[in-house]
Amino acid sequence: MNKKQVILGSALCLIASMSWGAMFPVAQVALHKIDPFYFSFIRYAVVAAILSAILWMKEGKAAFRLEGKGKALLFYGTMAFTVYNMFVFSGQHLMGDTGTITASLIEVLMPMISILFVWITAKAKPPGYTMVSMALCLAGAILVITNGKLTFFTMAGKSLFPLLLIFIGVTGWVLYSMGGSRFKDWSVLRYSTLTCLLGSLVSLVIVSIATMLGLLPAPSLQTLGSVKWEMAFMITLPGIVALLSWNAGLKMLTPLNGILYINFVPITTLIIMAFQGYHVSMFEIFGTLLVIFAIVRNNLVQRKEQKEQQLPAKRNASIKAAASQPAGTKVQTSKSL
């Protein structure tokens, strides 16, 4: 990995993270005018159309073939572009102003949620340092959610449901991210486009049925016009640019290094909220920093552990190489590795 690659990969991951951090304050403004379900559906329906056009030009008609993977694509598309968006924005809207930073913070918990998911499904208990990091993440999240007020627990019933919605939504994105490993022979653009298309179709079915049953009001042209700038931002930066930048950045840096940039999501959110006039409390700042510290700590210890595990293998390879060389031939020793 050369210096130019590191700089470019870091820039791409930073663009994606800051775009997602700005997403929540912008969405909060729009959600005062439009229903979260329609807001989510319209946003990614447009994103799907744009990505489809790009995929058609780059890879041709053949790239739209499902190749017997339709069910998996439908599942992951539903998790990311239906469950994640509709649930997260619904929970954020129900919580009011505090929902903005809460939704942003829970976004950072994605690595820990994925570890928890593997623990439950594969019965693979995480190491001790990860357990400590998970406890620190939980403590930080509680500080932000409660804003340091014990009265929160006496009125927890009002916040538990929106918190549950946000958590389910974020878990949906974790499943989507993990599902990408099943499509290693596909381009990032193809996987992103087809899942976005199928997920948007599921969202269309949901909003259509809900509207016909009178459960969901269809937005008027006037309403759509009132959120045109927020929608344009959500489609462009957090929708298209962030998605493609993040995937490209991870390829350059590797997921282990690139995932650290997700910590810029709540930082960006807090800065924008402060400019919007929201009073960011010390509890919210400290809780956010505690979560970021826990994630970074876990990542650094994990990398150190992996490096220590790889060292004996490199040393053995060096010894075998030395043994196979003719006498008098210079061989690189383990000290030079």
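Leaving aside neighbours within four places in sequence, which residues is Leu-165 in contact with? In this predicted model, the list is Phe-87, Val-88, Ser-90, Gly-91 and Leu-94, where contact means heavy atoms within 4.5 Å. Leu-165 sits in helix α8, residues 156-179; helices here are DSSP runs of H or I with at least four residues, numbered from the N terminus. Phe-87 is 78 residues away from Leu-165 in sequence, yet the two C-alpha atoms are 5.0 Å apart in space. With a relative accessibility of 13%, Leu-165 counts as buried (under 20% relative accessible area, with exposed being over 50% and partly exposed in between, using a 1.4 Å probe and protein chains only).

A word on the ground rules. Residues are numbered from 1 along each chain as its sequence is written. Since the model is predicted, local features need pLDDT of at least 70 and side-chain atom pairs count only at pLDDT 80 or more, while totals for chains, interfaces and linings use all residues; side-chain values use heavy atoms, with hydrogens and water left out.

Next comes helix α4, residues 97-108. This helix is mostly covered, with 10 of its 12 residues buried, among them Gly-99, Ile-101, Leu-105 and Val-108. One partner is helix α13, residues 264-275, which packs against α4 at an angle of about 160° with the axes 8 Å apart. Axes are lines fitted to C-alpha atoms, for helices over the stretch in contact, and angles run from 0 to 180 degrees between N-to-C directions. The two helices are therefore roughly antiparallel (angles over 145 degrees; under 35 is roughly parallel, 65 to 115 roughly perpendicular and the rest oblique). On the α4 side, the contact is made by Asp-97, Thr-100, Ile-101, Ser-104, Leu-105, Glu-107 and Val-108, and on the α13 side by Val-265, Pro-266, Thr-269, Leu-270 and Met-273. Sorted by class, that makes seven nonpolar, three polar and two charged residues; Ala, Val, Leu, Ile, Met, Phe, Trp, Tyr, Cys and Pro count as nonpolar, Asp, Glu, Lys and Arg as charged, and the others, Gly among them, as polar.

Helix α4 also packs with helix α1, residues 3-30, at about 150° and with the axes 9 Å apart. That angle makes α1 roughly antiparallel to α4. Phe-24, Pro-25 and Gln-28 of α1 meet Asp-97, Thr-100, Ala-103, Ser-104 and Glu-107 of α4, a set that divides into three nonpolar, three polar and two charged residues.

Then there is the pair α2 and α3, whose axes come within 8 Å and cross at roughly 140°. That makes α2 oblique to α3. Residues of α2 in the contact include Phe-37, Phe-41 and Tyr-44, and those of α3 include Phe-81, Met-86 and Phe-89. By class, the contact has eight nonpolar, four polar and one charged residues. Glu-67 lies in the loop between α2 (36-59) and α3 (70-95), and has a positive phi of about 55° although it is not a glycine. At 48% relative accessibility, Glu-67 counts as partly exposed.

Finally, helix α5 runs over residues 110-122 and reaches 18 Å from its first C-alpha to its last, close to the 18 Å expected (1.5 Å times one less than the number of residues). Its buried residues are Met-110, Pro-111, Met-112 and Ile-113. After α5 comes Lys-123, with a positive phi near 55°.
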